[in-house]
Amino acid sequence: MRIRIVDAFTDRPFAGNPAGVLLLDAFPDDAWLQQVAMEVNHAETAFAHRLPEGGPADWALRWFTPVTEVAMCGHATLATAHVLHTTGAHEGPVRFATLSGVLVATSSEDGSITLDFPTAPLTAVEVPDGVADALGAEPRAAFDTGPTIGDLVLELADEKTVHALKPDHKALAAHSARGVIATARAEDPSRGYDFVSRCFFPNVGIDEDPVTGSAHTALAPFWSGRLGRPDLTGLQASPRSGRVRTELRGDRTLLIGRAVTVIDGELLA
């Protein structure tokens, strides 16, 4: 079967966040899906198959890290929509049936793809004891993102602090279900982004995720509230780096980005 590696939230190869994408006739057993994701060894591998016409969704979609299945993944959804659009497997907006409900991806003529995701609920919490030592910086504030995302958002003093982080990933694992999102306001918005972030997910086998769409369903309401604008751009300052445009629409957040297929091959196992 065909397997593709797609760099998501970027317009050039070898940047953004790579995801494996497999279009199937049906989902094999979970053990096989997990083995493929372990073999691909990217943050996520997406598996999708077409659904019967006339239902609430067009394709079923699941996401696996190298160690577990996850309830939501933005970059692998973007990558899957990119494959469907560029190969002609699906025309027009595509509705994905997922563990997080029906998620819609719409491709534009300019090559960008818009994902319609649920906005993560943010609840202010006390900064957990020990998280500053684990992260390597003192947070200004902490927020829980709810059970679907399962992250702890930590606001840091400035952009330089986010770039300089060298966390203890094993110690961070104790502080949330999935991981920790470190964020700060952009030092110079004229560079084309409004806030920066880095995402650490040791509990799902990803020490640092290159670009995380799902995290921006929490970052969008967080920074829209502080900056007073619904439409923003976030820079995820990982070594690969990538940008996510966000549009806050109440209980929905639009995530906008591009993708590039870098490998198109055959899975023999």
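Predicted model: local features only at pLDDT ≥ 70, side-chain atom pairs only at ≥ 80, totals over all residues.
Residues are numbered from 1 along each chain as its sequence is written. Local features need pLDDT of at least 70, side-chain atom pairs count only at pLDDT 80 or more, and side-chain values use heavy atoms, without hydrogens and water.

Q: How do you know that the length of helix 2 agrees with its number of residues?
A: Helices are DSSP runs of H or I with at least four residues, numbered from the N terminus. The expected span is 1.5 Å times one less than the number of residues. For the 14 residues of helix 2 (residues 74-87) that should be 20 Å, and the end C-alpha atoms are 20 Å apart, so the two agree.

Q: What makes helix 2 largely enclosed by the rest of the structure?
A: Buried means under 20% relative accessible area with a 1.4 Å probe, protein chains only. Since 11 of its 14 residues are buried, helix 2 is largely enclosed; among them are Gly74, Leu78 and Leu84.

Q: Which residues touch the most other members of the largest nonpolar core?
A: A nonpolar core is a set of buried Ala, Val, Leu, Ile, Met, Phe, Trp, Tyr and Cys residues joined through side-chain atoms within 4.5 Å. Of the 48 residues here, Trp63, Leu78, Val94, Phe96, Ala105 and Leu115 touch the most other members. Helix 2 gives the most to this core, with six residues.

Q: Why are strand 10 and strand 11 called paired?
A: Strands are DSSP runs of E with at least two residues. Pairing takes at least two DSSP bridges; strand 10 and strand 11 (residues 151-155) have four, in the antiparallel sense, so they count as paired.

Definitions and conventions:
Buried < 20%, exposed > 50% of the residue type's maximum accessible area, 1.4 Å probe, protein only.
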